[in-house]
Protein chains: 2
Amino acid sequence: MHKPLKVGLCGLGTVGSGTFNVLKRNAREIERRAGRPIVVEHVGARRNNPACDTGDVRVSRDIFDVARDPEVDVVVELIGGNTVARELVLEAIAHGKHVVTANKALLAEQGDEIFRAAAEKGVIVAYEAAVAGGIPIIKALREGLSANRIEWLGGIINGTGNFILTHMRDEGRSFEDVLAEAQALGYAEADPTFDVEGIDAAHKLTLLASAAFGIPLQFERVYTEGISRLTQEDITQAGRMGYVIKHLGIARQTDKGIELRVHPTLVPASQLLASVSGALNAVEVMGDAVGPTLYYGAGAGGEETASAVIADLIDVSRDMAMPAEYRTPYLGFNAPADGESVPVVLPMDEVVCSYYLRLVVEDRPGVLAAITAILAENAISIESMLQCDCSEGANRVNIILLTHEASEAHMNAAIERLEALDDVVHPANRIRVEHFGQARH
Amino acid sequence: MHKPLKVGLCGLGTVGSGTFNVLKRNAREIERRAGRPIVVEHVGARRNNPACDTGDVRVSRDIFDVARDPEVDVVVELIGGNTVARELVLEAIAHGKHVVTANKALLAEQGDEIFRAAAEKGVIVAYEAAVAGGIPIIKALREGLSANRIEWLGGIINGTGNFILTHMRDEGRSFEDVLAEAQALGYAEADPTFDVEGIDAAHKLTLLASAAFGIPLQFERVYTEGISRLTQEDITQAGRMGYVIKHLGIARQTDKGIELRVHPTLVPASQLLASVSGALNAVEVMGDAVGPTLYYGAGAGGEETASAVIADLIDVSRDMAMPAEYRTPYLGFNAPADGESVPVVLPMDEVVCSYYLRLVVEDRPGVLAAITAILAENAISIESMLQCDCSEGANRVNIILLTHEASEAHMNAAIERLEALDDVVHPANRIRVEHFGQARH
C-alpha cells in the first residue's frame, strides 16, 4: 500500500464541491483503481458550500495557504478566471506541487507561462476538466489517438450554446427567449457573452488544437463568431435542406496551415454531431489511421466535471512516480527539433468552405441575375438555390443559396457587393457549412 | 533524446501490416509525441505481405525468434487465436518483454494466466486494440472514467453484425442475403459464427466489464445470443414502434450482481447508439458522476486497429520508466482487500428487462385472452400491444407486445406456455428492450 495522495482543493463552487463529494462517495473504488487513497488534505475557499460537508478537513479562507501547505502533493484549482487563479497555480508550482485545473481561460491565454514554470519544477499540470467537462477528450487526443496525424476535429464544446440552439430548433423559439430560460435554469450566466459569443469555445478549441497538431497555444488567432444573431428563419430553412445548425469549434490541418474557428455551422442532419442535443457536448476527430472517432457526454456540471478532475488526480498519483521526461508532454507533443517547422494558423480570409447564404430581396425582375453575377465574379459557384416566402413583407422573398467551396476572402467580397445592391434589403445571412462525413480526405 | 523503443511485430496480416505502415508513415509525429523513436526491430511472420514493404527490417519465419530477441523491448502479438498466440505471449513475457496485443479471445479466455505471468515479470500487457478497434475505450474505462462507479455500459462492439443489421434495416433484405454480401466485401469471415453468434462481442464484453467493475474475467458467464434468427418482420415492426434493433453487449451493475449479456436489442431510435450505422462501433458508458458518455469509431480494419496498437506502444514507452506497482493495473483495478467482496455475475434467469414479443397466431376469438392471461400469471405487465397483418397466411396475424420490466425466468416460463397454445403457430420472437436514456438511476 502506497501512502495517500494528499489533495489541496481550491474553490468550493459547483465543481469544487462535486469533486469533494465524489472523492468521498467513491473513495474505495478510487483507491482500488489508484492503488492508494486519494484524500482531501486542505480546502481553500472564501466560504463553505452547503452542498458539501467538509467535516474535519482543514479549511483555509486564504487559498494561498493551500498552495504553500507542505502536506499537500497536488493543488486542484477550481476558482476560475485568470488573475487570482494564475497566481495560485504559479505559487503551487513554485512550491513543487502538481496541479490539476479545469480552467480553460487560464490555460488557453496563459498556458505557455504556466507550462514553462511547471516544466522547470518538474511538476504535472493536468487539465482534462478544462475541455468538454467529463468527456476524456484531452486523454483521447494526447494518448488514445497518438498514432495518428490528426486531419481535423469539430466539436460542440459549449453546452449553453447547444442548449439554446436545440430549443430554438425543437420549439421554434427565438434566441432571446431561450437564452432567458437558460439563465433561469442556471445553464447560462447573467452575462452570457463568454458562452454565446464563442469565447469559451475558442478557449477550449485552443487547447484541443495544440493537443491535436502539436502547435503552440494561439487563442488570439481563433476566428470567433457567436450565435446571438441566429434567427429562427435560418434554423427552419437549414432544416428543410437537411441540415442542423450547431455552434462548432473546428480545427483543420491543411497544406497551407491550421484552420482555427468557432462559428455557427450547418451540419448534415444524418451526422452524429447533429444528433447531440441539449447541454451535451461532443467532439469528432479525424485521424489518418483510425478515421473518424467521436466522444460524447456532459460538458459541464459539478460531478460531471469532477469526474475529469479526479481522473487527472489518479493519473497524477501514477505519473508522479515517473521521471518527468517520460511523462506525456503538457500539450501532447515534445518541442520540435531545431529548425523543424510546425504549421502556422491560417488567416480566416484563406479558409475555404461551403456556405449557406440567405438574402432577403425585393421581389423584382433582375435581382436574381444580379446576385448570381456577383457570385460568379467572385469565383463562387452555387450548389443549390431556393426562393421562398419570407416573413418580412409582402413584396420580399428569401433567396437561399448553398455554395460549393469558396474562400472567405471571396465570400466576404461577394457579400459586401450583395449588400450594396438596392434590392437586397437586409444584411446577408451567411452561415458556414461542414460535411465532415465518414470519408477520408 | 531517449533511445528508440524497439518493437518485435508478430503477424503481418491486415492489422500487422497496418501497424508497420503507420509506424513508418507517421514516424516523426509519433516520435514528437513519445519523446523517442518507435521502430520495428524484428518482424515475425510466416509470409510477407505485399501491403507492406519490410525493407531491411529483420524478418523471421519463426515468431518465437522475435519473442526471444534480446534487442526487442516490446512484442506486438497480431496473429490471433488462442493457441500459438498464447505460447508466444507467455514466451515474450518469460523473456521480460512488454506485450501489446489485439487478441480479445486470448485475453477474455486466458487473460488470468497471462496477466499473472506478466505481473510476476513486472511487464506491461496492453490491449486497447482488442476491444472496438481504434476507439480508445479501454483507456476511457481504465483512466478517463476512473472517478466513477460505473452503472452500466452498452456497446455495438462487432462491426460485422452492425453492418448486417444496418443493411437489413435500410434495404429490407434478409439476414442471409446481407451476410453473403458482407462475406464478399470481406466484412465477414467464411465461417461467420464468431461474429454473428455474438462470441466475438462476448469476448470484448468480458474485457469491458472487468475494466468497468473490477471483477474477474468471466467469459464463460456471458449470456450470448446471435443475430442469425432476426427477421425482416421484427426489424420493420420495431421501426414502426420507434425502435432500432442493434446487437449489443451489455454489462450492468445491479444490487444483486453484474449482468453480462450479448443479444439483439431494441433501442429507441432517438438514442445516439441507434444512429451508429454500418461497420462502425460505439460504446455508451454510464458513470455515477459523469452521467452517460459515448465513444464511437471504427471497430476493425488494418490502420484503424493499428491506431490503438501504436497508442499502446507509446504508452509502453512511457510506463516502462515507472515502477510496476504504480502502473495502471491490467484490468484497471488492484486486487480487492482481504475479505472484500466483489460483485458476482448474475445468472441470466435473474436479469430484469423489458421485452418485445411477436407472436404469430391464428386469428380466432379468445387467442388474445389466452395470451394476456399467461403473461399476467407470470407477473408480466404489458406496456403496449398491436395486432397487424402478417406475411404467413391469410388467417394469421402478428400480435406484438412491449412489456414492462420482467425477469428472464418469468419471461421464459411465459414463452414456454405461449408456445404450447394451439393457436400460436410459431415459436415466439422475443427481443430484449433497453432504454438507456440520459437519466440517472
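Not counting residues up to four places away in sequence, A:Val15 touches A:Leu78, A:Gly301, A:Gly302, A:Thr305, A:Ala306 and A:Val309. A:Val15 has its place in helix H1 of chain A. The model in which these contacts are found is a predicted one.

A:Val15 is also part of a stretch that carries a database annotation. The UniProt record, an unreviewed entry, places the feature "binding site" at A:Cys10, A:Gly11, A:Leu12, A:Gly13, A:Thr14, A:Val15, A:Gly16 and A:Ser17. One of these residues, A:Gly11, lies in the loop between S1 and helix H1 (14–25) of chain A. Is A:Gly11 buried or exposed? Its relative accessibility is 7%, and buried means under 20%, so A:Gly11 counts as buried. With neighbours within four places in sequence left aside, A:Gly11 is in contact with A:Gly16, A:Gly44, A:Leu78 and A:Ile79.

Strand S1 of chain A covers residues 5–10, and A:Cys10 in the annotated stretch stands opposite A:Glu77 in S4(A). S1 and S4(A) pair in the parallel sense, over four bridges. S4(A) also pairs in the parallel sense with strand S5 (residues 98–101) of chain A, again over four bridges. In that pairing, A:Val74 stands opposite A:His98 in S5(A).

Which residues of strand S4 (residues 74–77) of chain A lie on each of its faces? A:Val74 and A:Val76 are on one side, while A:Val75 and A:Glu77 are on the other. All four are buried, and both faces of the strand are covered.

Seven of the eight residues of S15 are buried, which makes the strand mostly covered. S15(A) runs antiparallel to strand S13 (residues 352–362) of chain A, and seven bridges join the two. The bridge partner of A:Leu359 in S15(A) is A:Ile399. Strand S14 (residues 382–389) of chain A is likewise paired with S15(A) in the antiparallel sense, over seven bridges. Here A:Leu386 has A:Ile400 as its bridge partner in S15(A). S14(A) and S15(A) form a hairpin, with six residues between them. In the turn of this hairpin, A:Gly393 has a positive phi of about 140 degrees.

Next, consider a helix. Helix H8 of chain A spans residues 175–185, and its buried residues are A:Phe175, A:Val178, A:Leu179 and A:Ala182. Why are these residues on the same side of H8(A)? They cover an arc of only 105 degrees around the axis, and this puts them on the same side. The buried residues of H8(A) pack against helix H7 (159–171) and helix H9 (193–196) of chain A. On the face turned away from the buried side, H8(A) carries the exposed residues A:Glu176 and A:Ala184.

After H8(A) comes A:Gly186, which has a positive phi, near 85 degrees. The loop between H8 and H9 of chain A contains A:Glu189, where the unreviewed UniProt entry places the feature "binding site". A:Glu189 has a relative accessibility of 53% and so counts as exposed. Neighbours within four places in sequence aside, A:Glu189 is in contact with A:Gln183 and A:Asp195.

A:Gln253 is buried, with a relative accessible area of 17%. A polar atom of its side chain lies 3.0 Å from the backbone oxygen of A:Ile150. Contacts of A:Gln253 beyond four places in sequence include A:Arg149, A:Glu151, A:Phe213 and A:Pro343.

Finally, there are the two chains. Two copies of a chain are related by a rotation about an axis and a shift along it. In this model, chain A is superposed on chain B by a rotation of 180 degrees with 0.0 Å of shift along its axis, at an RMSD of 0.0 Å. That is the relation of a two-fold axis. Of the interface residues of chain A, 100% are also interface residues in chain B, so the copies meet through the same surface.

Definitions and conventions: Residues are numbered from 1 along each chain as its sequence is written. Chains are lettered from A and ligands numbered from 1 in the order in which they are written. This is a predicted model: local features need pLDDT of at least 70, side-chain atom pairs count only at pLDDT 80 or more; totals for chains, interfaces and linings use all residues. Side-chain values use heavy atoms; hydrogens and water are left out. Buried means under 20% relative accessible area, exposed over 50%, partly exposed in between (1.4 Å probe, protein chains only). The arc is that of the directions from the helix axis to the C-beta atoms. Contact means heavy atoms within 4.5 Å. A polar contact is a pair of N or O atoms within 3.5 Å; within protein, one must be able to donate a hydrogen and the other to accept it, and residues adjacent in sequence count only if both atoms are side-chain atoms. Copies are superposed by least squares on the C-alpha atoms of residues with pLDDT of at least 70 in both. UniProt positions are given in the numbering used here, feature names are shortened, and annotations may be inferred rather than shown by experiment. Two strands pair if DSSP finds at least two bridges between them.
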